[in-house]
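This report describes one protein structure for a reader new to the subject. Please look over the sequence and the model before reading on.

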Amino acid sequence: MPRFSIIVAAYRVQGYLRECLDSALTQSFHDIEVVAVDDRSPDHCGAIIDEYAARDERVVPAHLEVNQGPGRARNAGVARATGDYLLFLDGDDTLAPGTLRGLADRLARTADPDILYFDHVRTYWWDRRESSLFGPLLESAGTDVFSILERPEFLRLFAMSSNRVYRREFYTEHRFAFSEGIYEDALLSYKTMLTAERLACVPLVGLEYRQRRTGASTRSPGEEHFVIFEQYARLFDFLDDRPRLEPLRPALFERAVSHFLFCLDNPSRVAPRDRLRFFQRASGWYLVHVPPGFTAPPEDAERFEALARGSFARYLAREASARPSAGTRWLRRKVRHPLAARAKRALYRVHRRLPLDDRLAVYSAYWNRGVLCNPAAVYYAARELAPHIHGVWVVRPSQLETVPRDVDYVLPGTRGYYQAIARAKYLVNNVNFANDLVKRPGQIHLQTLHGTPLKCMGLDQQHYPAAARGMSFRSLLRRVDRWDYVLSSNQHSSEVWERVYPASYEILEYGYPRNDVYFSAGRAEIAALRAELGIPAERTAILYTPTLRDYQHSFTPRLDLGRVSRALGPDTVLLVRAHYSYGAQADLAGLAEAGLVIDVSAHPRVEDLCLAADALLTDYSSIMFDYADLDRPIVVYADDWELYRATRGVYFDLLSGRPGDTPGAVARTEDELIAVFREGRWNDASATALRAAFRERFCRYDDGRAAERVVRRVLLGETGV
């Protein structure tokens, strides 16, 4: 029998669940079981749980046939638990290192109490940690064991399910269970505390309580928040049957009403349109349950009085007195904007008053660099499948010569641009439109993205100053809030996108449209591409695509390209593509003139280069995930892996050699790289096996029909595609 049963309820937390499970399984205290309950989650939570159960026998998987909500998911976990103590953990929260060892030590010192309480810290998406208010209270208990009648001040502890452990026999003997609906943890928290004869505390900050930007039930306003009145009504029914607890009624009443007021003032729980109705329910509850002679807490007396009188106007008057002047805020905004920007916004506002054009879609790629990448594949598929929707591209002046003659375009910042983005029903991009784009009701924004993340992205870049240089994460999230759909090419991407770009979009696991060509291109087309690039038919073409380094400001080849080219011999040709952020490279031009490489940095379509190449040589570029669709050799040259990982951060160990992590042969030095090719290790049985596992992990959704699925789902509104 394990000491702890950690019950993890998982629903729509695929981006956080691995961290949650890892935080429990990597504790220094090992005598545990993790009962992980998939509450019929529509994402990959169930698959993640099964993956962990397959490699760690301490994980007990449970899959509910229908979604039942967090309370019943926890109940299902309790039914499977065998440990001495129960610890409930939400799938997006984590345990701090050393937590279980600290809890086990305090349990031993206090002779196994019914409940042991510990502390928590709130962690926010903008990388902030906020200590709880309860550290001093927990500290004051020392090693005492007591009942709540003896120490009623502990009713002030945060009423949640995850900042305590329950002795399982105590929990099951009294048949405790979570009720339906949200706020179920508050009801159970108080009922267990009121029942227990032996309570203990430890001032250990063990729970990292994640405050998600979106997705949490308590951060989505709606009718479900009105269940709070039923939950607390059940608590007071519980009190009515236990006269010995009567002295605690005023304190519990104060805790309940304070909880109501917290929700009333929080727009992420009670929407403005629902405030009056919520207030009226709270006032009615107040009048039914107020204890005789109750005195409101002095710091909240006005709000309690407004509830007692049923006067929402009085409540709002107090609220307004504490609010800054709206006129002052307007003045600050007006002063902040120069006249030219205001004129552009005025023009844009005029266009936004006109009806949306259901037959117009605006496309952009790579900050308006041309007709490229996933948006281009969607655009051409739409021309075939949805010809009634006219596509217009936003293209910067320097790239106009790359735009095909039959493609309509507008220049950024022009009258046509503002008219297009104001009127278009559909907006498609692989990065982001400008900050001044206002998402109109009815507009549909498809974010295609443009790669599988090996390096840290989005909010995860906060931990890496070099990668986050000049980035405003709040501006990023305002742009993310405009997204309606986000494309994913594999499960790994889906998990990462959900976490690093938190918003209310829908993830479409359709594969990447730009990769469709890898499944349709024939031998003649590939031969034509090779001829266009100047690759002799009999030579092996290796495409070298180093990625951007956040710690470098210009393209600095990690290889002596001349030496490598000579070492590979006359039967091999090296295609070199510098990252587009670096611009033209004089050194590459010189090597190209000498016939040692073919500089393809300016070639507009990387997909053509991949089709033309017999093998890919890269470092940490996401091109490797796309190239794997071709099932051709991939060689990783990673001379600065430790530095890259430290300055940018990565999601998995590309060099581990584990199936699924490493796509092929790996070289750490230039000499090793030359040997990899000379000795044939770039395409031997080991490299082939690694590539197969890599493709299985990252290419599962690519099948040549991604663009069609996108057009049918997003532009044509078809379901079940």
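The protein chain exposes about 31,400 Å², and 49% of that area comes from carbon and sulfur atoms. The model behind these values is a predicted one.

**Overall build**

Buried residues account for 56% of the 721 residues in the protein chain. Along the principal axes, the C-alpha atoms fill a box of roughly 95 × 65 × 45 Å. A compact globule with 721 residues would have a radius of gyration near 27 Å, and the 30 Å of the protein chain agrees with this. The protein chain contains 29 helices and 22 strands. Of the contacts between residues at least 6 apart in sequence, 73% join residues that are at least 24 apart.

**Strands that pair**

Strand β2 covers residues 32–38 and strand β3 covers residues 59–63.

D357 has A424 in β13 as its bridge partner, while N429 is bridged to Q447 in β14. The pairings are set out below.

| Strands | Sense | Bridges |
|---|---|---|
| β2 and β3 | parallel | five bridges |

**Cysteines without a bond**

How many disulfides does the structure hold? The count is zero. C45, for example, is in no disulfide, and the nearest cysteine sulfur, that of C20, is 10.0 Å away. A disulfide is a covalent bond between the sulfur atoms of two cysteines. For C610, the closest cysteine sulfur is in C373, at 11 Å, which is too far for a bond. C45 has a relative accessible area of 0% and is therefore buried. C610 also counts as buried, because its relative accessibility is 0%.

**A buried loop residue**

M160 is found in the loop between α5 (135–140) and β8 (164–167). Its relative accessibility is 4%, so M160 counts as buried. Which residues does M160 touch, apart from its neighbours within four places in sequence? They are D185, S189, L207 and Y209. In sequence, M160 and C45 are 115 residues apart, and in space their C-alpha atoms are 23 Å apart.

**Positive phi angles**

R175 has a phi near 55°, a positive value in a residue other than glycine. This residue sits in the loop between α6 (168–173) and α7 (184–195). Is R175 buried or exposed? R175 is exposed, because its relative accessible area is 76%.

W367 also has a positive phi, of about 55°, and is not a glycine. The place of W367 is the loop between β10 and α15 (373–385). With a relative accessible area of 44%, W367 is partly exposed. The cut-off matters here: a residue is called exposed over 50% and buried under 20%, so W367 falls in between.

**Helix α27 and its cover**

Helix α27 spans residues 670–678. Which of its residues are buried? They are E670, L673, I674, A675, V676 and F677. The cover over these buried residues includes helix α22 (561–568). Strands also take part in it, among them β17 (540–545), β20 (615–618), β21 (634–637) and β22 (666–667). Just after α27 comes G680, with a positive phi of about 80°.

How values were computed: Residues are numbered from 1 along each chain as its sequence is written. This is a predicted model: local features need pLDDT of at least 70, side-chain atom pairs count only at pLDDT 80 or more; totals for chains, interfaces and linings use all residues. Side-chain values use heavy atoms; hydrogens and water are left out. Two strands pair if DSSP finds at least two bridges between them. Helices (H or I, at least four residues) and strands (E, at least two) are DSSP runs, numbered from the N terminus. The radius of gyration is taken over C-alpha atoms; the globule rule is 2.2 Å times the number of residues to the power 0.38. Buried means under 20% relative accessible area, exposed over 50%, partly exposed in between (1.4 Å probe, protein chains only). Contact means heavy atoms within 4.5 Å. Accessible areas come from the Shrake-Rupley method with a 1.4 Å probe; for residues, only the protein chains shown count as cover. A disulfide is a pair of cysteine sulfur atoms within 2.5 Å.
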